[in-house]
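Take a walk through this chain, from its overall layout down to single side chains. Keep the viewer open as you read.

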Amino acid sequence: MTLQITALYTALMALLMLVLAYVVVKQRLAGGPDASDSEACERFESIVRAHGNAAEYVPISLLLLAAIENSFANTGLVHAFGLLILLSRIGHGYGMVTTVGRSAGRFYGTIGSWLYLFAGSIAVLVVQSGLI
């Protein structure tokens with residue numbers, strides 16, 4: 001078992017994490033928001049949370065992708081799961097970095113991430129339990 005597909009998505013997710021970290025550092029080096037500007041503070045907090053949220057979701061998502069790749073011989077299915085979580089995390093991060101509050105990127109990124117976690121978990125459980 002070489003987990004080549006998981007390795008690909010791990011590298012892509014690492015680049016996403018690097019981009020999000022860069023955006024946070026860039027804002028911090030610019031001096032951060034003025035404490036009296038509540039809108040700027042909310043925007044800064046949203047940018048920081050974009051990175052933090054990815055740091056929370058990416059590790060378990062990649063572990064699940066490894067379990068999916070280990071459970072299914074169909075590489076197209078593994079790539080479909082990998083693309084779902086990658087695009088979901090990109091959309092979520094973009095939505096949080098570019099807007100404060102609700103946004104399409106944040107909404108669909110969250111839904112996609114939850115769908116990935118739910119469907120991937122069920123798929124692995126079904127295969128590993130021997131039901132199919």
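Contact means heavy atoms within 4.5 Å. With neighbours within four places in sequence left aside, Leu 3 is in contact with Ala 66, Glu 69 and Asn 70. Leu 3 lies in the segment before H1. Leu 3 is partly exposed because its relative accessible area is 24%; buried means under 20%, exposed over 50%, and partly exposed in between (1.4 Å probe, protein chains only).

This is a predicted model: local features need pLDDT of at least 70, side-chain atom pairs count only at pLDDT 80 or more, and totals for chains, interfaces and linings use all residues. Residues are numbered from 1 along each chain as its sequence is written, and side-chain values use heavy atoms, with hydrogens and water left out.

Now step back to the whole chain. It has 4 helices and 0 strands. Helices (H or I, at least four residues) and strands (E, at least two) are DSSP runs, numbered from the N terminus. The order from the N terminus is α-α-α-α. The C-alpha trace spans about 60 × 25 × 20 Å along its principal axes. Of the 132 residues, 36% are buried. Among contacts with a separation of 6 or more, 74% join residues 24 or more positions apart.

What sits inside? The largest nonpolar core has 27 residues. Such a core is a set of buried Ala, Val, Leu, Ile, Met, Phe, Trp, Tyr and Cys residues joined through side-chain atoms within 4.5 Å. Met 13, Ile 68 and Tyr 116 have the most contacts inside this core. At least two of its residues come from each of helix H1 (4-29), H2, helix H3 (75-98) and helix H4 (104-128). Ile 68 touches Val 78, Phe 81, Tyr 116, Gly 120 and Val 124, residues up to four places away in sequence not being counted.

How do H2 and H3 meet? Their axes come within 8 Å and cross at roughly 175°. Axes are lines fitted to C-alpha atoms, for helices over the stretch in contact, and angles run from 0 to 180 degrees between N-to-C directions. H2 is therefore roughly antiparallel to H3, a term for angles over 145 degrees. The contact includes Ala 50, Asn 53 and Leu 65 of H2, and Ile 85, Arg 89 and His 92 of H3.

Is Asn 53 buried or exposed? Asn 53 counts as buried because its relative accessibility is 14%. Its side chain makes a polar contact with the side chain of Arg 89 (2.4 Å). A polar contact is a pair of N or O atoms within 3.5 Å; within protein, one must be able to donate a hydrogen and the other to accept it, and residues adjacent in sequence count only if both atoms are side-chain atoms. Beyond its neighbours within four places in sequence, Asn 53 is in contact with Arg 89 and His 92.

Charge pairing comes next. Side chains of opposite charge can pair when their charged atoms come close. The structure holds 1 salt bridge, meaning a side-chain nitrogen of Lys or Arg within 4 Å of a carboxyl oxygen of Asp or Glu. It joins the side chains of Arg 49 and Glu 56 (3.1 Å, N to O). Arg 49 is partly exposed, at 34% relative accessible area. Glu 56 is partly exposed at 47%.

Definitions and conventions
Angles under 35 degrees count as roughly parallel, over 145 as roughly antiparallel, 65 to 115 as roughly perpendicular and the rest as oblique.
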